[in-house]
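I record here what I looked up in this structure, entry by entry.

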Amino acid sequence: MRIFGKVRHRPSASWRQATDRAFTLIGDGRYEDAGALLTRAADMEPWLSESWFNLALLHKFRHDWEQARAAGLRAVALLDRETGAPDWWNVGIAATALQDWPLARRAWQAYGLKVPAEGSPSGPPAGMALGSAAVRLSPEGEAEVVWGRRLDPARIEVLSIPLPSSGRRWGEVVLHDGVPHGERTTVAADGTTRAYPVFDEIELWAPSPVPTWVVLLEAATEADRDALERLAADAGFAAEDWSSSVRLLCRTCSESRMPSDEGDGEHLDPHDHSEPGHPGPLGHRTAGSGSLWVPERECGIAAPAALVRGLLDGWVADSPDSREWRDLEEVC
Ligand SMILES: [Zn+2]
């Protein structure tokens, strides 16, 4: 019973049964049936914030953002806590998916985040300075963890070059969930450890026009390889030495706290490509750790078709004795 808003309203047993059953159905992917039960639960207890929170959650799983926003707004209207409510975070995600930027700002502020007054009030929140993070692309399928830059609390711009198998591209913007699954740690030159969250992708928010290429390099030294990555970055695009940046991790390790090889701020590799099982007591092979340099490198390049050959030729021209390329192929 809610008496002067002081006593917490306790849902009925039938509300609990319907809700528990609905979440079991959600676990089995039976969203339609779960939706019917959660709607019935909301009819039973319309003054209970959780009724609408659960419906908003279901609509988030279904990527039905109009409905997620509507249910989420009903949930937050009934909240009795000030900040830190996941209800507001889910409203922020739905608003971001719908590009309802005034509501997205309101949601992050209500959650307790600082939203600077930068940029246009009708545009996306800017200047939140959330830094780098990792995002797990296609978490339900052939998952791949890549690095990116957080644009706001619900979006990451992908700055790794995803592998061809992912069907994804450098420069995509991804909508992601709020609760991280895993962490990546890096150690800076001064010995301090930094931890970065790994978020699960919900859906592609904005595609990238830049295609992905694979090329075989002969790079006599690591510095030769680095020179190509720098050339590509200076041109506004990217090159990534997959031979050293990719490692395979099982799902359990991927969702735990794992060290990343290099932490100089520029190389936030490796990104992880998931594999089915944990490979025994020795653990996973760490990319490029302490092994001798192998000149032949399989390299990903994200650059327009009109630019990619010129980029590679320019790289060779700077040091013809130590560099070569072949087998350039557009893969995504
Ligand atoms: Zn493992």
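**Entry 1: α5 and α6.** I listed the residues by which α5 and α6 meet: Pro86, Trp88, Trp89, Val91, Gly92, Ile93, Ala95 and Thr96 in α5, and Trp101, Leu103, Ala104, Arg106, Ala107, Trp108, Ala110 and Tyr111 in α6. Contact here means heavy atoms within 4.5 Å. By class, I find 13 nonpolar, two polar and one charged residues in this contact. Ala, Val, Leu, Ile, Met, Phe, Trp, Tyr, Cys and Pro count as nonpolar, Asp, Glu, Lys and Arg as charged, and the others, Gly among them, as polar. The two helices pack at an angle of about 160 degrees, with axes 8 Å apart; α5 is therefore roughly antiparallel to α6. Axes are lines fitted to C-alpha atoms, for helices over the stretch in contact, and angles run from 0 to 180 degrees between N-to-C directions. Angles under 35 degrees count as roughly parallel, over 145 as roughly antiparallel, 65 to 115 as roughly perpendicular and the rest as oblique. The crossing of α5 past α6 is left-handed, that is, the near helix is turned anticlockwise from the far one by less than a right angle; clockwise would be right-handed.

**Entry 2: basis of the reading.** I note that the model is predicted, that local features need pLDDT of at least 70 and side-chain atom pairs pLDDT 80 or more, and that totals for chains, interfaces and linings use all residues. Residues are numbered from 1 along each chain as its sequence is written, and side-chain values use heavy atoms, with hydrogens and water left out.

**Entry 3: the chain.** I count 10 helices and 13 strands in the chain; helices (H or I, at least four residues) and strands (E, at least two) are DSSP runs, numbered from the N terminus. Of the 332 residues, 48% are buried. Buried means under 20% relative accessible area, exposed over 50%, partly exposed in between (1.4 Å probe, protein chains only). Among contacts between residues at least 6 apart in sequence, 63% join residues at least 24 apart.

Entry 4: Which residues of α6 (residues 101-111) are buried? I find Trp101, Leu103, Ala104, Arg105, Ala107, Trp108 and Ala110. Their cover includes α4, α5 (86-97), β2 (144-152), β3 (155-158) and β6 (193-206). Just after α6, Gly112 has a positive phi of about 120 degrees.

**Entry 5: α1 and α2.** I next examined α1 and α2, which pack at about 160 degrees with axes 8 Å apart; α1 is therefore roughly antiparallel to α2. Their crossing is left-handed. On the α1 side, the contact includes Ser14, Trp15 and Ala18, and on the α2 side it includes Tyr31, Asp33 and Ala34. The contact has 11 nonpolar, two polar and two charged residues. Gly29 sits in the loop between α1 (13-27) and α2 (31-44) and is partly exposed, at 45% relative accessibility. Its C-alpha atom is 9.7 Å from that of Arg62, which is 33 residues away along the chain.

**Entry 6: α3 and α4.** The axes of α3 (residues 49-61) and α4 (residues 65-77) come within 8 Å and cross at roughly 165 degrees, so the two helices are roughly antiparallel. α3 passes α4 in a left-handed crossing. Trp52 and Phe53 of α3 are among the contact residues, as are Trp65 and Arg74 of α4. I sorted the residues of this contact into eight nonpolar, four polar and two charged.

Entry 7: Beyond its neighbours within four places in sequence, Ala232 contacts Phe237, Ala238, Ala239 and Leu311. Leu311 is 79 residues from Ala232 in sequence, yet their C-alpha atoms are 7.0 Å apart. I place Ser245 in helix α8 (residues 242-245), where Ser245 is buried at 1% relative accessible area.

**Entry 8: positive phi outside glycine.** I noted Ala129, with phi near 50 degrees, in the loop between α6 and β1 (132-137). Ala129 is exposed, with a relative accessible area of 76%. Asp327 also has a positive phi, of about 55 degrees, and lies in strand β13 (residues 323-330).
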